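This briefing goes with the sequence and structure shown below. Please keep both in view while reading.

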Amino acid sequence: MNFLKSLKTLFSLDLAVDMGTTRTKIYEKTQEMVLNEPSFVAVSYREGEVQAVGREAYKMYGRCPPHVEVHQPLEHGVIENFDLAEEMLKRFLDQVFNRKALLGARIAMVVPSGATDVEKKAFEDIAVQVGGREVMLVEAPIAAAIGMNLPIGDGKGTVAFYLGGGTTQAAVFIGGDLMLTHCNPVGGEDLTEAIINGVRKNHQILIGSHTAEQLKISMGSAYPSDRDESREIYGKSVVDGLPRAVFVANWEIREMMEAPLNQIVNTMKSVLEKVPPDLSEDIKKSGLFLSGGNAQVEGFSRLVEHITGLKCVKSKKGQMSCIRGAAKIIMNSRKYRDFTTSSHSRQFNA
Ligand SMILES: Nc1ncnc2c1ncn2[C@@H]1O[C@H](COP(=O)(O)OP(=O)(O)OP(=O)(O)O)[C@@H](O)[C@H]1O
Ligand SMILES: [Mg+2]
């Protein structure tokens, strides 16, 4: 029996899973990054089953037949629809692994800081449902700091911000220990939403979230720039419901995003207010470390630098920082033990 158990441990998979509001990423030791897909699920109510997940489901968002509905099982970082979140993760894993190979896996699962025990347990239960024998939970900004290779183990103070699609999160470290974490449910999706509302107000047309996200990524900026740019976009007139085209300028997009951007920067400031004065020198010298997809908004670092007077160091592959950190954790679980929780570590009995 013990021999069987150790064989299973030897051949079991080590996985890192980051189910985010907008994207899900999966890492496996031998194949490295194996999946990075939108966290979307299309359900056909005619067939009564999930029709598509990930990229395919995202493509259908806003353009599917009436019997199909596209859902995001996570909202502001937490699981809103457990069954759909579980089904989504199972299908993602089926795309890259033989399900049987997953039985007995060790899984490092990213959870948002500030999630309640019930919310954390939902992540853990899903990890167990997909075959996890041992599940480690790690808060997103901690995973991001580890993924960015920040010097959290040295004696200095380090402030890491993770800016995601549905959340703005922070972790402050001192002397190798975690001092505090913080999470506010505002993120990149709020910027996209603000663009949809702004275009409706300024141009009286309704645009879909694909168009709004494209505008944000290609033309959006958090800080004024000299670049003058405008683009023709298509939407539906709020006056007569007919398709219409309008030109939208980059300065308009920036103005539309201003309110949620202020909320995000204010969240960051409120974290800095909680940091003890003894860390001021370290923070002033090393700056603020930024990662997450939302930190990629053009001019975001400049905006934060302008408001806080502190330099920002942005991770180049910011959207991958959490999953990279979770991957390091699963491969060095002893080293990072103090940064994870595994309240319900289960032994695999078969
Ligand atoms: N180049 C870019 N410019 C602007 N926004 C971007 C860019 N790249 C990605 N984003 C935004 O980043 C967000 C996704 O980031 P990320 O994958 O870190 O979030 P998530 O894990 O899904 O969310 P969360 O962790 O908050 O639940 C989306 O809102 C996306 O629009
Ligand atoms: Mg995330």
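The model is predicted. Ligand 1 has 22 residues around it, and the protein buries 91% of the 660 Å² that the ligand exposes when taken alone. The helix described is α5, residues 117-129.

- T21, T22, K25, T167 and E213 come nearest to ligand 1.
- By class, the shell holds 14 polar, 5 charged and 3 nonpolar residues.
- Two or more shell residues come from each of β2 (23-28), α7 (188-203) and α8 (209-219).
- Helix α8 gives the largest share of the shell, 3 residues.

**Ligand 1: polar contacts**
- The side chain of T167 has an N or O atom 2.6 Å from an oxygen atom of ligand 1.
- A polar backbone atom of R23 lies 2.9 Å from an oxygen atom of the ligand.
- For N294, a polar backbone atom is 3.3 Å from a ligand oxygen atom.
- These pairs form part of a setting in which 91% of the area of ligand 1 is buried by the protein.

**Helix α5**
- Helix α5 has 13 residues, and at 1.5 Å a residue it should span 18 Å.
- The expected span is 1.5 Å times one less than the number of residues.
- G131 follows α5 and has a positive phi, near 120°.

- H76 is not a glycine, yet its phi is positive, near 45°.
- The loop between β7 (74-75) and β8 (78-79) contains H76.
- H76 has a relative accessible area of 30%, so it counts as partly exposed.
- N149, also not a glycine, has a positive phi of about 60°.
- N149 is found in the loop that runs between α6 (140-147) and β11 (157-163).
- N149 counts as exposed because its relative accessibility is 56%, and the cut-off for exposed is over 50%.

Conventions:
Residues are numbered from 1 along each chain as its sequence is written. Chains are lettered from A and ligands numbered from 1 in the order in which they are written. This is a predicted model: local features need pLDDT of at least 70, side-chain atom pairs count only at pLDDT 80 or more; totals for chains, interfaces and linings use all residues. Side-chain values use heavy atoms; hydrogens and water are left out. A residue is near a molecule or strand if one of its heavy atoms lies within 4 Å of it. A polar contact is a pair of N or O atoms within 3.5 Å; within protein, one must be able to donate a hydrogen and the other to accept it, and residues adjacent in sequence count only if both atoms are side-chain atoms. Accessible areas come from the Shrake-Rupley method with a 1.4 Å probe; for residues, only the protein chains shown count as cover. Helices (H or I, at least four residues) and strands (E, at least two) are DSSP runs, numbered from the N terminus. Ala, Val, Leu, Ile, Met, Phe, Trp, Tyr, Cys and Pro count as nonpolar, Asp, Glu, Lys and Arg as charged, and the others, Gly among them, as polar. Buried means under 20% relative accessible area, exposed over 50%, partly exposed in between (1.4 Å probe, protein chains only).
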